[in-house]
Amino acid sequence: MRCLLRSFLPFVLVLAGCGTGTGQPDVSFPALFVSAPTNEFVVDDVTVTLDEARVAFGPAYFCASASGSATLCDAAVGEIRRVTTIDVLGEGETPLGTYAGFAGDVRSASYDYGIHWFLPEQEAQASPEAPGGHSARVRGVASRAGTSVRFEADIDVAPLFRGQRAVPTTKVEGTVTEATSRIEVRFDVASWFSAVDFAAALDMGADPFVVGPGARDHDAVVIRMVSTHPPSFAFVEGEAPAAP
Amino acid sequence: MRFVLSRWSHAVALAAALLATRPAFAQPEAPKAPAGQANVTLPTVVEHVDAVYPPDKLAQGIDTTVEVLVTVERNGTVGDAQIAVSGGEAFDDAALAAVRRWRFSPATRDGVPIRARIRVPFHFAPEPHPPVAVPPGAPTDTPPPDAGAAPPPGPPAPADKPPPADKPRPDKHTHSHGEQPAELDSGLALPHAVAEPGKPIEIHVQGRPNPPRRGASDFRLGRAVLDSAPRPTTADLLKSAPGFHVMRPEGDAVAQRVYLRGFDADHGQDIQFTVGGTIPINQPSHVHGQGYADLNVLIPETVRSVRVLEGVYDPHQGDFAVAGSVDFDLGVEERGVRATASYGSFNTKRLVAVFAPAGQSEETFGAAVVRTTDGFGDGVRGSLSGGFTGQYRFELPGDLSALVHLSAYGARSSVAGVLRRDDIDRRRVDFYDAYPDTSARSQSAAATRTQASVSLQRTGDDNSEASFGLWGAYATYRSRLNFTGYTQRSRLRPTWAGRGDLIEQSNDDGGFGARASYRTRRYEAASWLKAQLTLGADAEAHSIEQAQNLLEAPQNETWDRRVDATIRSLRIGAFADALFTFSRWARLRGGLRADLISFDIDDRLGNQIPAFREETHFVGYRRTAAGIAWGPRATLEVDPLPSLRLFAAYGRGYRSPQARQLEEGEQAPFATVHSYEAGARFQYERARLSATLVAYETRLSYDLAFDAEEGRLERIGPTTRRGLVAYLQANPLSGFNASISATFVRATLDSPPPPTPENPSPPYVEGQSLPFVPPVVVRTDVSYRKTFGTFLGKPLVARAGYGATFLSPRPLPYAQEARPVFVVDASLGLRRDFVEIGVDATNLFNARYADTEYVFVSDWRTSDIPSYLPARHISAGSPLTILGNLTFHL
């Protein structure tokens, strides 16, 4: 019997030790906003100088499917569960919190700009981090040929349906591995506000020129933030590259 | 005290020499009948119970003998016991009470168990008795010192010694088969078969025969093991079977969750459960899980033994026998009326009454139970349940033996649901509590089941056997469970979302069926080859109404409809099972089984029209499907040594599909399993120890796993399990029983479903360890029962026992791992005369463990920003629970 047990034991140990893992390992690393500061840009012949540009970003959810829509992506593969106010005029990187998730391919993302409509909330709400209760608050001066107007833009990007993100899906091409050290988020406020018809404002001489919910210029900015010029996401392995 | 002990401890019957007899293991050395019946072996005692010298007769110093005529059934139980020679009423009663609890290895003819009548003398002596004299040829083990029985003094009666004048003389006449029953070669000290006038030693079988072993993983659990630890429910009896683990994460009204040898059988999908070999408990296409089997319909006190066949090696095993099969044998050993009242932790109250009329078969009894509890935690685990079981075995003309069974059970319970691990770790909710959310606190379940059966058996004098059984069952189920909090969106009205994922499931199943089998006599093809064939068939039909909705608490308003279906199914199975005996040392059993299954599905929510599309048709999808599954099975037994038996077995089993997952005309894709095993059983009789070692592999064509979002099982692809099982059982002392088992398994997922647009990041990848399945399961049961003195003239019988379970860390999806589990249950009792007090403790060391762990996405609004990552969830296992018991044996 003792001999039997002696021969049995090694097999048991081998058997107990040869189990394989169960799917993707979990990972976490910092998320950063890394765009270069935007203080001034030109739209047609109008020069826009920004005095204030703050954007609320988050939370963001990342999916393995091509669509990050809530109806097609029940389970995320990664997420940034924080709302951060990004001062676009500031120098350097802005921490957005921690990306937590699993290793694997990421093909889409969905996210809010500080205004969310989580289940089971009855209506969309602005988070405390949203500047002035809006997704983005931008102030500045538009100038053309010695004429200038001040402008004030409060942009609200709200989810259309309960349980969805304000940006239901954005394409992402990336792979998260255990070597991934950070995720870099970039967006360009200048490209968003290039949709505003500053020339018309200058022609009308409105001062200040207000861009708010319901205005055509407001919707044009929202379309750029959501669809045509959404943020980009890059997963970086090892040491992050030096900022340009 | 010592004087008193010695007086009556030797005043009971015969145990000493009998206990030394060889138990049923190939029966190579069983006592032989004399010449003329060379192929007949006599019953031998496997378990005995001491008779108690009537305390009120001690003062009189009566020395007397009682002789009991005992019918030993083919399954080794005592079917009938009558006083042949009276020693006085009190002594007669004591002898009858004891012998009815004995267990025998049955008599055999040509190796086939037969019913036999034997005479068992009980000698009651007020003083210590001389040592037992053992006749030649009988086992010679020394009896335990505390054996309360002793044979009459003097040398054993020689084989040809005429019986005393007051005993019937053995009949020497030739019975109906021309064989001459002869007086048997045994002395008075041992039970000996006596051919009573007109009563040959071999008479017709009564009761269900004990089926032969089908491999090394064919385990039989008797009451000695089952009584070791508290068994609050019948499902808990299974914990003592190697590789089994049972838990109840969804409350008392939802079927237990079962793990066996690397299979997550969930609520029964991979294990065929039957009662008495006739009534199937698994419910096909149940909305809460395929093969749903709620064992609460059985009262644990009425389970006499459990046969657990791990693997698929027996052609009798049918649908759902994937990991194995379990058959509950119902019977009550102790005759009379027994009522037990229990009260304890969490305001738990339980009352059970068992009526087992004296003089009837152990299979004749009635039992009823009611139980209420507030449950642990903060008031969301209360439950109420009750049940009844009645059985009656009786004889019919034509040598037919009949058994009628009726059971009914109902329960309703609140359900605490699951908790996120991160919420527990951050103390947002206590481990044993439930979320304060309205939807979480609206979880409940209710279930009923009523079942009845009639079975008939007839055994011919040539060892052929015919049996037939009819059964019917009606089971209802309704649960409201919320696993995921607030993540769901209505599929019918997509703008309805976030109203709580309270999934309501209902399932009404009316089923009936029949089984029949015929076993031929044993043919002798050659001097070294004998053969026997069994042919059988069974059928069952079900009509199932099922629905699944989403409800908004607390008004339970329906805000989405997911399932509304009627399913009608018919399964017909047939098998041929052969036995080939190659001399005494090798046997080959096996045959072929085939099952046909047919479905008619009225899926009233099928072909759903998405909300954004124009209506083009009426919603609904009616379809039919049918299929056949084949299952060859074989077991080879070889006895290289009298104490060693080697096994090799192969079998193919199957599980019927969930009907609603079938398409029109689909040939019912059964999940098929290939089981292989090789093993050995070693029996060391001197210490009454048996050891079993098994290596096995099972390959399953597709497995199922729990999907929390839908609250049901979904396919996850083919799986493979390879493992080892070691099982040791010993009862070296009278009243002492110990068993330990260890199961090691490596269960892997071979080919999980690929990602889909709906599920782009499935939690399963190829080659990963199968989630939720513990790789190592260790179980030990120890019990000891002893009479240790008297109190006010009555003997005191004490019992103590425990059962301990260890589960190694269980793999979870997404590379996570559940914590190990170690739980000990213990039981103590003290009986004097008709009163017994006891205390049962489950989770004796108050270990804080998770009954089950899941990984999925949930949102319980415990953080400002929800997480959509799959997260670990647990349902808490019960903390220390103590129940005090008061039992009256009347």
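Ser285(B) is buried, with a relative accessible area of 1%. The model is a predicted one. Ser285(B) also has a positive phi, near 55°, although it is not a glycine. Most residues other than glycine have a negative phi, and most peptide bonds are trans.

**Positive phi in chain B**

- Ser285(B) sits in the loop that runs between strand S15 (279-280) and strand S16 (303-310) of chain B.
- Asn843(B) is another residue other than glycine with a positive phi, and its value is near 55°.
- The loop that holds Asn843(B) lies between strand S42 (835-842) and strand S43 (850-856) of chain B.
- Asn843(B) has a relative accessible area of 3%, so it counts as buried, the cut-off being under 20%.

**Cis peptide bonds in chain A**

- Gly58(A) and Pro59(A) are joined by a cis peptide bond, with omega at about -5°.
- Pro59(A) belongs to the loop between strand S3 (46-57) and strand S4 (60-63) of chain A.
- A cis peptide bond also links Leu119(A) to Pro120(A), and its omega is about 0°.
- Pro120(A) is placed in the loop between strand S9 (115-116) and strand S10 (125-126) of chain A.

**Cavities**

- Rolling a probe the size of a water molecule over the atoms shows where empty space is left.
- The count of cavities of 30 Å³ or more comes to 13.
- The volume of the largest cavity is about 130 Å³.
- In the largest cavity, 15 residues form the lining, and those nearest its centre are Val275(B), Gly276(B), Gln391(B), Leu403(B) and Ser455(B).
- Two or more lining residues of the largest cavity come from each of these elements of chain B: strand S17 (324-330), strand S21 (383-396), strand S22 (400-414) and strand S24 (444-459).
- S17(B) gives three residues, the largest share of the lining of the largest cavity.
- Sorted by class, the lining of the largest cavity consists of five nonpolar, six polar and four charged residues.

Key. Residues are numbered from 1 along each chain as its sequence is written. Chains are lettered from A and ligands numbered from 1 in the order in which they are written. This is a predicted model: local features need pLDDT of at least 70, side-chain atom pairs count only at pLDDT 80 or more; totals for chains, interfaces and linings use all residues. Side-chain values use heavy atoms; hydrogens and water are left out. Helices (H or I, at least four residues) and strands (E, at least two) are DSSP runs, numbered from the N terminus. Buried means under 20% relative accessible area, exposed over 50%, partly exposed in between (1.4 Å probe, protein chains only). On a 1 Å grid over the protein atoms alone, a cavity is a set of points where a 1.4 Å probe fits but cannot get out, and a pocket is an open set with protein on both sides within 12 Å along at least five of seven lines; lining residues have an atom within 4 Å of a point. Grid points are joined across faces, edges and corners, and a volume is the space filled by probe spheres set on the points. Ala, Val, Leu, Ile, Met, Phe, Trp, Tyr, Cys and Pro count as nonpolar, Asp, Glu, Lys and Arg as charged, and the others, Gly among them, as polar.
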